[in-house]
Amino acid sequence: MALAVIRTPSIEPWKPLEKKPLPAGRPREWYVSHNRRLKAMRLAIALLDAGVYVPSKATNAAISATAADIGIRPPSDTTCRMVRALIRYGR
């Protein structure tokens with residue numbers, strides 16, 4: 001028999017996870033693509049939270065405005081394409 005558990009919200013504010021250093025010895029392209037994927041995921045999550053569920057609504061201007069809202073540098077065209085792909089394939 002399944003039991004429903006009701007959780008009470010925590011009183012303490014949310015804290016981000018501790019950042020770990022990236023592994024050493026990889027080619028530079030790996031680090032660039034890794035950081036680009038992380039940025040695209042952050043932007044896609046922020047857009048989905050803002051109600052943008054369709055890739056056609058996620059224009060480069062909308063993605064750049066979201067980046068400014070969450071405090072990260074403006075994304076490149078390649079990163080914007082990755083954000084739209086994440087929104088498209090996440091459905």
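Tutor: A nonpolar core is a set of buried Ala, Val, Leu, Ile, Met, Phe, Trp, Tyr and Cys residues joined through side-chain atoms within 4.5 Å. Buried means under 20% relative accessible area, exposed over 50%, and partly exposed in between (1.4 Å probe, protein chains only). The model is predicted: local features need pLDDT of at least 70, side-chain atom pairs count only at pLDDT 80 or more, and totals for chains, interfaces and linings use all residues. Residues are numbered from 1 along each chain as its sequence is written, and side-chain values use heavy atoms, with hydrogens and water left out.

Student: Which residues make up the largest nonpolar core?

Tutor: There are 11: A40, L43, A44, L47, V52, A58, I63, A67, C80, V83 and I87. At least two residues each come from α1 (28–49), α2 (60–70) and α3 (77–89), and α1 gives the largest share, four. Helices here are DSSP runs (H or I, at least four residues), numbered from the N terminus; strands would be E runs of at least two.

Student: Why is T66 called buried?

Tutor: Its relative accessible area is 12%, and the limit is under 20%, so T66 counts as buried. T66 is in helix α2. Leaving out residues up to four places away in sequence, T66 touches L43, A46 and L47, where contact means heavy atoms within 4.5 Å.

Student: What makes the buried residues of α2 line one face?

Tutor: The buried residues are I63, T66 and A67. Seen down the helix axis, they fall within an arc of 105°, so they line one face of α2; the arc is that of the directions from the axis to the C-beta atoms. An α-helix has 3.6 residues a turn, so residues three or four places apart point the same way. On the other side of α2, A61, A68 and D69 are exposed. The cover over the buried residues of α2 includes α1 and α3.

Student: What makes W30 and Y31 an edge-to-face pair?

Tutor: Rings of Phe, Tyr and Trp (its six-membered ring) pair if their centres lie within 6.5 Å; planes under 30 degrees apart count as stacked, over 60 as edge-to-face and the rest as tilted. That rule gives one aromatic pair. W30 and Y31 are 5.1 Å apart centre to centre, with 90° between the planes, hence edge-to-face.
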